[in-house]
Amino acid sequence: MLTLTDIEAAALRLQAHLLDTPCVASKTLSLITGAEIYLKFENLQYTASFKERGACNKLAQLSIREGQRGVIAMSAGNHAQGVAYHAQRLGLRAVIVMPRFTPGVKIERTRGFGAEVVLHGDTLDQSRSHALELAKAEGLVFVHPYDDEAIVAGQGTVGLEMLRAVPELDTLVVAVGGGGLIAGMATAAKAIKPGIEIIGVQTSRFPAMVNAIKGTHHPQGSSTIAEGIAVGTPGVIPQAVIARLVDDLVLVDEGDIEQAMVMLLEIEKTLVEGAGAAGLAALLKYPERFRGKKVGLVLCGGNIDPLLLAAIIERGMVRAGRLARIRVSARDVPGSLAKITATVADAGANIDEVHHQRAFTMLSAQNVDIELVIQTRGREHIAQVLAVLKDAGFEAEEQL
């Protein structure tokens, strides 16, 4: 059974090979949530994820013969990069099997560390099956992303560092996929501070660990913005630790995660992927549960496709009321559009897009619907823009 001694030994192996990342207070997020929040910036690791902790600990313990054979792993990206980077550093051959729809940025970075990337299957489970077949066929050492005590011990060093930096933490909120990170952290944290509360967070689209621990039957989806924790089959080793040491598991929705990602980018000026924002998403969804507590959140990864990030930022602007779509009905005569845009400008809003709609409308043939996408200062400003348009004689409404 995994112990604090195993995790402390892993910490010694990792010295000088990984960052002891900052764990610092966030005053603004604390004010917003009502909890005293401390952020552990694992997105600052060289591969932008905590995953290289477990990978480094595992590879450092391979025998000479195992090292000569090379290693193989399956991963949606972060474990892949961790294994590839440390295999390259140690001079080992690395083969990585990734789901076909893994974000391109993760695939290219994995290849950049010298690994042989094989795209196979639509899920991690399918990738794992193929990786095991290749391991047997080519004699490679299989490096599991979470169901391995050496991996879990490496991930547990995050908990050691957090409690060393902020001993007064009374709650840790940790994203859960296969369970390696929370299992390692819970083992370390409960041994050091038995009264500390450990809360796991899963996306509602991939609730496998919640179902396994709580006996629930939440349905599983096919995709999520938090692909780093999109695990259909929880790890056997982590599950046993979670059942014994983790106080609770909660679910968050896609919108909660998107909101948390935008807040971390805007407030903390730090980029996280979906899984990295899951902890904050839980505090935003369940504020009463954490109010007044000293909460440690792990920003566990920062690898995200730029196009997905752009879409998330835009959607976040819409939710905040800083980007709005309004429909204005007007006479279809020269000068109408100019008057509308001037009115919007006078109200202090900026126009992003303009669309005329003449055919698909119930208006009379002499009228036109003009759809505007505008930048505003928030919900109150949207209302002001609509009021100014109506005062100018136009019919105007927000399109949701």
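Reader: How are helix α1 and helix α3 oriented to each other?

Author: Two packed helices are described by the angle between their axes and the distance between the axes. Here, the axes of α1 (residues 4–14) and α3 (residues 51–59) cross at roughly 90° and come within 9 Å. α1 and α3 are therefore roughly perpendicular to each other (65 to 115 degrees; under 35 is roughly parallel, over 145 roughly antiparallel, the rest oblique). This is a predicted model: local features need pLDDT of at least 70, side-chain atom pairs count only at pLDDT 80 or more, and totals for chains, interfaces and linings use all residues. Residues are numbered from 1 along each chain as its sequence is written, and side-chain values use heavy atoms, with hydrogens and water left out.

Reader: Which residues make the contact of α1 and α3?

Author: From α1, A10, R13 and L14 take part; from α3, R53, C56 and N57 do. Contact means heavy atoms within 4.5 Å. By class, three are nonpolar, one is polar and two are charged.

Reader: What is the volume of the largest pocket?

Author: A pocket is an open set of points on a 1 Å grid where a 1.4 Å probe fits, with protein on both sides within 12 Å along at least five of seven lines; lining residues have an atom within 4 Å of a point. The largest pocket holds about 520 Å³ of space. It is lined by 26 residues, and S222, S223, T224, E227 and A230 are the closest to its centre. α7 (124–138), α12 (254–267) and α15 (306–319) each give two or more residues to this lining. α15 gives the most, with four residues.

Reader: Which element gives the largest share of the lining of the second largest pocket?

Author: That is β11, with three residues. The volume of this second largest pocket is about 180 Å³. Its lining includes E314, L323, R325 and E398. By class, the lining has five nonpolar, one polar and five charged residues.

Reader: Where is A16, and what is its phi?

Author: Most residues other than glycine have a negative phi. A16 is not a glycine, yet its phi is positive, about 75°. A16 sits in the loop between α1 and β1 (23–25). At 82% relative accessibility, A16 counts as exposed (over 50% relative accessible area; buried is under 20%, partly exposed in between, with a 1.4 Å probe and protein chains only).

Reader: Is K269 buried or exposed?

Author: K269 counts as exposed, at 65% relative accessibility. K269 lies in the loop between α12 and α13 (278–285). Its phi is positive too, near 55°.

Definitions and conventions. Axes are lines fitted to C-alpha atoms, for helices over the stretch in contact, and angles run from 0 to 180 degrees between N-to-C directions. Ala, Val, Leu, Ile, Met, Phe, Trp, Tyr, Cys and Pro count as nonpolar, Asp, Glu, Lys and Arg as charged, and the others, Gly among them, as polar. Grid points are joined across faces, edges and corners, and a volume is the space filled by probe spheres set on the points.
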